[in-house]
Amino acid sequence: MEGSLLEPMLYTVKGIAILDSDGNRILAKYYDKNIFPTSKEQKGFEKNLFNKTHRANAEIIMLDGLTCVYKSNVDLFFYVMGSSNENELILMSVLNCLYDSVSQILRKNVEKRAVLEALDIVMLAMDEICDGGIIIDADSSSVVSRVALRSDDIPIGEQTVAQVFQTAKEQLKWSLLK
């Protein structure tokens with residue numbers, strides 16, 4: 001098998017994770033159920049990954065047969081994992097897109113509290129970047145434009161009941177304040 005080329009695949013990302021400064025999971029998605037089938041194995045891998053990377057100044061590590069690229073900021077660590085033969089530049093473009101998207105969504109306030117407050121939008125951005133291990137988009141501005149819909153911009157017929165009540169409540173509040 002040495003010297004032979006591997007068949008190209010669309011399934012390039014094995015997992016994406018955001019961990020806090022203690023190595024605890026904020027958000028993680030694993031796309032290959034064969035690698036880490038249970039939550040216990042996933043958390044064990046995350047603990048090991050965090051222990052190897054939280055003091056390092058590198059951007060990439062090979063761990064448990066996976067290529068992991070990572071970036072840290074204040075009290076968060078962003079990770080993108082791929083197979084051992086995956087192109088690191090592709091994984092790095094996914095990581096940069098994730099980080100830049102989160103940064104734009106949180107208005108440059110990338111820290112644990114802010115991510116937890118906007119977790120639904122961050123999860124949506126993660127889904128817009130990668131779906132089932134296939135990279136969908138690596139441009140942070142297009143990802144942010146798709147996930148940052150304001151309820152004012154959504155037609156009333158496409159809003160959920162909760163969004164309609166929220167809009168009505170805001171309009172009532174503003175009419176009473178006038």
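**From the surface to the core**

Author: Val74 is exposed, with a relative accessible area of 69%; here exposed means over 50%, buried under 20% and partly exposed in between, with a 1.4 Å probe and protein chains only. Please keep in mind that this is a predicted model, in which local features need pLDDT of at least 70, side-chain atom pairs count only at pLDDT 80 or more, and totals for chains, interfaces and linings use all residues. Residues are numbered from 1 along each chain as its sequence is written, and side-chain values use heavy atoms, with hydrogens and water left out.

Val74 sits in the loop between strand S4 (66–73) and S5, where helices (H or I, at least four residues) and strands (E, at least two) are DSSP runs numbered from the N terminus. Although Val74 is not a glycine, its phi is positive, at about 45°. A second residue to look at is Arg107, in the loop between H2 and H3. Arg107 is not a glycine either, and its phi is positive at about 55°. Arg107 also counts as exposed, at 72% relative accessibility.

Now let's step back to the whole chain. It has six helices and seven strands, arranged along the sequence as β-β-α-β-β-β-α-α-α-β-β-α-α. Of its 178 residues, 40% count as buried. Among the contacts (heavy atoms within 4.5 Å) with a separation of 6 or more, 51% join residues 24 or more positions apart.

On to the inside. The largest nonpolar core has 32 residues, and those touching the most other members are Val13, Ile16, Ile18, Phe78, Val80 and Val102. Such a core is a set of buried Ala, Val, Leu, Ile, Met, Phe, Trp, Tyr and Cys residues joined through side-chain atoms within 4.5 Å. Two or more residues of this core come from each of strand S1 (13–20), strand S2 (25–30), strand S5 (76–83), helix H2 (88–105), helix H3 (112–117), helix H4 (119–129) and helix H5 (140–147). The biggest contribution is from H2, with nine residues. There is also a second, separate core of 16 residues, including Tyr30, Phe45, Leu49 and Phe50.

Ile16 belongs to strand S1 and, at 1% relative accessibility, counts as buried. Leaving out neighbours within four places in sequence, Ile16 contacts Leu27, Ala28, Lys29, Tyr31, Tyr79, Val80, Met81, Val94, Leu98, Met126 and Cys130. Leu95 is 79 residues from Ile16 along the chain, yet their C-alpha atoms are separated by 8.5 Å. Val13, with residues up to four places away not counted, touches Tyr31, Val80, Met81, Leu91, Val94, Cys130, Gly133 and Ile135.

Next come the helices. Two packed helices are described by the angle between their axes and the distance between the axes. Let's take H2 and H4 as a pair: their axes come within 10 Å and cross at roughly 150°. The axes are lines fitted to C-alpha atoms, for helices over the stretch in contact, and angles run from 0 to 180 degrees between N-to-C directions. H2 and H4 are therefore roughly antiparallel to each other; angles over 145 degrees get that name, while those under 35 are roughly parallel, 65 to 115 roughly perpendicular and the rest oblique. From H2, Val94, Cys97, Leu98, Ser101, Val102 and Ile105 meet Ile121, Val122, Ala125, Met126 and Ile129 of H4. By type, the residues of this contact are 10 nonpolar, one polar and no charged; Ala, Val, Leu, Ile, Met, Phe, Trp, Tyr, Cys and Pro count as nonpolar, Asp, Glu, Lys and Arg as charged, and the others, Gly among them, as polar.

Ser140, Ser142, Val143, Val144 and Val147 are the buried residues of H5, and they pack against H2 and H4. The axes of H2 and H5 come within 9 Å and cross at roughly 45°, which makes H2 oblique to H5. In this contact, Cys97, Asp100, Ser101, Gln104 and Ile105 of H2 meet Ser140, Ser141, Val143, Val144 and Val147 of H5. Five of the residues in that contact are nonpolar, four polar and one charged.

Finally, the axes of H4 and H5 come within 9 Å and cross at roughly 130°, so H4 and H5 are oblique to each other. Ile121, Leu124, Ala125, Glu128 and Ile129 of H4 make this contact with Val143, Arg146 and Val147 of H5.
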